[in-house]
Amino acid sequence: MSWKENLKQESQKEREKLKKMTPRDKAWYVWEYYKIHIFILIGCFFVLYLIGNILYNKTFTTQLSYLTINNTSPNYSFEEFDEEFKQFMGYGKKDLIESDGSAVIRYGDVISEMEYGNMAKISALVAAQDLDIMLCDQLNLDHYAYLDGFRNLKETLPDDLWQKVEPFLYYGTNEAGESIPCAVDIHNSYFCEKTGIALDPCYFGIVNNTERIDTAIAWLRFALDGNGGQE
């Protein structure tokens with residue numbers, strides 16, 4: 001008898017055996033004799049799901065990532081602003097703008113576990129070059145400026161945008177003791193109005209090691225008035 005015929009015969013015997021059992025006995029029998037097979041099958045489906053999910057996520061592209069530190073408003077939302085910016089940039093459905101308004105870092109004599117967690121998160125994002133823009137208060141701006149965390153905006157922004165934001169610049173001191181224009185106060189901007197965040201001042205800084213400088217500059221243009229300076 002061939003292997004195929006033997007398997008068919010065994011399957012027929014199992015079906016006949018199950019037909020004679022009560023529903024409760026069937027459930028017990030299947031679980032007792034086939035639970036390993038069930039676990040293996042579930043495991044296979046789970047692995048296939050994970051692989052499919054990873055492959056699907058790879059079809060998306062993060063175009064920009066930004067976060068706020070010490071936003072005090074509980075009623076903010078970045079969703080509509082991010083969608084408008086995506087339209088302004090001509091992005092598609094698989095282009096992502098990642099934004100986070102929940103980080104709180106206040107320093108002082110006692111720092112909470114949450115604040116330590118936020119500091120670690122920011123450090124990890126910067127190290128992985130997954131953070132392009134920081135929006136924060138003066139306390140955090142001074143802290144990260146000292147760590148050389150921001151780009152020199154004089155050397156980064158195009159002339160027309162530099163002239164537009166120059167009255168609102170903030171000069172931070174880096175570790176070498178140099179004072180550089182590292183941030184722009186945008187608390188009266190379209191961005192703050194649209195999203196409802198509460199930061200005054202709201203300092204915009206471009207993270208020093210970002211590779212998406214052009215997109216960060218475009219974000220600033222759009223954030224100021226909602227049209228990127230276009231008429």
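Reader: Are Tyr66 and Trp219 buried or exposed, and what makes a residue count as buried?

Author: Both Tyr66 and Trp219 are buried. Buried means under 20% relative accessible area, exposed over 50%, and partly exposed in between, with a 1.4 Å probe and protein chains only. This is a predicted model, in which local features need pLDDT of at least 70, side-chain atom pairs count only at pLDDT 80 or more, and totals for chains, interfaces and linings use all residues. Residues are numbered from 1 along each chain as its sequence is written, and side-chain values use heavy atoms, leaving out hydrogens and water.

Reader: How many aromatic pairs does a search of the whole structure find, and why is the pair of Tyr66 and Trp219 called tilted?

Author: The search finds 16 aromatic pairs. Rings of Phe, Tyr and Trp (its six-membered ring) pair if their centres lie within 6.5 Å; planes under 30 degrees apart count as stacked, over 60 as edge-to-face and the rest as tilted. The ring centres of Tyr66 and Trp219 are 5.1 Å apart and their planes stand at 50°, so this pair is tilted.

Reader: What makes the pair of Tyr170 and Tyr203 tilted?

Author: Tyr170 and Tyr203 have 4.8 Å from centre to centre and 45° between the planes, a tilted pair.

Reader: How do you know whether Tyr170 and Tyr203 are buried or exposed?

Author: Tyr170 has 16% relative accessibility, so Tyr170 counts as buried. Tyr203 has a relative accessible area of 9% and is therefore buried.

Reader: Which residues do ring pairs link into a cluster?

Author: The cluster includes Tyr66, Phe78, Phe191 and Trp219.
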